[in-house]
Amino acid sequence: MMVVTALLSWFLVGLFVRVSRARGWGQKVRVDGPQTHLVKEGTPTAGGVPFVLAAALVFFPLYLTGNAGGPRELIIMLAALAMGVIGGIDDLLKIRSRMTGKGRTELLAREKFPLQFVVSLAFAYFAAPLAAHELLPSLGPVADVILLTLVMVGSVNAFNFTDGLDGLLSGVAIIVLLPLLALSPVSALLVAALLGFLWFNAHPARVFMGDMGSHAIGAVAAGAYVLYADVWLLPLAAIIPVAAVLSVVIQVASFKLRGKRVFKMSPIQHHFEHADIGWPETHVTMRFWMVTAVATAAVWWILGGRP
């Protein structure tokens with residue numbers, strides 16, 4: 001079914017690109033971002049909508065016929081869809097603002113985080129009794145729920161901050177999920193859907209992922225590692241998303257406390273693109289993929305090379 005999902009995603013994303021261009025659903029590029037990105041002005045965004053839809057359209061018939069795993073898989077998929085809806089609202093506001101020239105451009109952090117927290121808490125409540133503990137024993141029912149809630153919120157935002165370069169987040173997510181493909185059907189379907197999306201998102205991108213896609217990816221990564229591997233292995237495999245979110249936190253804290261910036265630009269992928277360093281976008285993407293591959297290989301080794 002991975003082939004079916006990849007082809008469906010490829011078709012839906014391609015259709016989405018055509019409709020988006022016809023209707024002018026392009027993304028506005030930050031003027032304070034990398035200057036090399038100014039040529040991307042008007043590129044369609046919210047490409048996560050069709051590939052998440054593709055994964056869901058294949059998953060639910062499989063699940064209802066008993067061919068897509070048990071409760072763990074339903075928990076992961078529902079968390080991904082719920083997080084995706086939160087990101088999708090953000091995408092909708094951006095598109096509507098660009099089309100009309102007025103209105104809100106995005107969800108505020110004080111609106112987004114509570115919604116993420118509610119979804120994460122629901123995920124943690126149902127996932128905690130089923131969570132894998134490869135490295136460390138359970139911390140206890142309440143502590144496990146708190147930990148898994150924070151992991152889900154952190155993962156969604158970390159993967160969200162990793163977006164911004166052509167193909168970067170798609171490739172990182174595919175590599176991070178590789179050790180769990182034979183264990184988690186949702187992970188396998190998402191990887192297939194991302195391959196269909198990457199056809200259009202590879203440099204130079206014809207469509208951007210948007211928040212729906214990045215939120216869903218973060219939820220699947222967190223859910224799969226919690227339920228099939230170990231929560232403590234996720235930060236190792238997702239070393240690039242962790243670095244991305246930490247770079248933002250450090251940058252904001254440093255500027256507020258000291259009035260100085262630690263990085264040329266944040267998230268960290270844009271630091272390496274800055275003119276003072278000058279890595280081409282494709283080099284940053286490829287090198288971040290390689291770092292992710294090494295880290296994920298280490299996770300695979302820790303898991304005993306299974307399955």
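## Helix packing in a predicted model

L169, A173, V176 and L177 of helix 6 touch S214, I217, V220, A221, A224 and Y225 of helix 8. This contact comprises nine nonpolar residues, one polar residue and no charged ones. The model is predicted.

How do the axes of helix 6 and helix 8 cross? They come within 11 Å and cross at roughly 15°. Angles under 35 degrees count as roughly parallel, so helix 6 and helix 8 are roughly parallel to each other. The crossing of helix 6 past helix 8 is left-handed.

Together with helix 5 (141-162), helix 11 (268-273) and helix 12 (281-302), helix 6 (168-177) packs against the buried residues of helix 10. Which residues of helix 10 are buried? They are I240, P241, A244, S247, V248, Q251 and S254. An α-helix has 3.6 residues a turn, so residues three or four places apart point the same way.

| Helix | Residues | Length | Span, first to last C-alpha | Expected span |
|---|---|---|---|---|
| Helix 3 | 71-100 | 30 residues | 43 Å | 44 Å |
| Helix 10 | 239-258 | 20 residues | 27 Å | 28 Å |

The span of helix 3 is close to the expected value. The span of helix 10 is likewise close to its expected value.

Helix 10 is followed by G259, whose phi is positive, near 75°.

Definitions and conventions
Residues are numbered from 1 along each chain as its sequence is written. This is a predicted model: local features need pLDDT of at least 70, side-chain atom pairs count only at pLDDT 80 or more; totals for chains, interfaces and linings use all residues. Side-chain values use heavy atoms; hydrogens and water are left out. Helices (H or I, at least four residues) and strands (E, at least two) are DSSP runs, numbered from the N terminus. The expected span of a helix is 1.5 Å times one less than its number of residues. Buried means under 20% relative accessible area, exposed over 50%, partly exposed in between (1.4 Å probe, protein chains only). Contact means heavy atoms within 4.5 Å. Axes are lines fitted to C-alpha atoms, for helices over the stretch in contact, and angles run from 0 to 180 degrees between N-to-C directions. Angles under 35 degrees count as roughly parallel, over 145 as roughly antiparallel, 65 to 115 as roughly perpendicular and the rest as oblique. A crossing is left-handed if the near helix is turned anticlockwise from the far one by less than a right angle, and right-handed if clockwise. Ala, Val, Leu, Ile, Met, Phe, Trp, Tyr, Cys and Pro count as nonpolar, Asp, Glu, Lys and Arg as charged, and the others, Gly among them, as polar.
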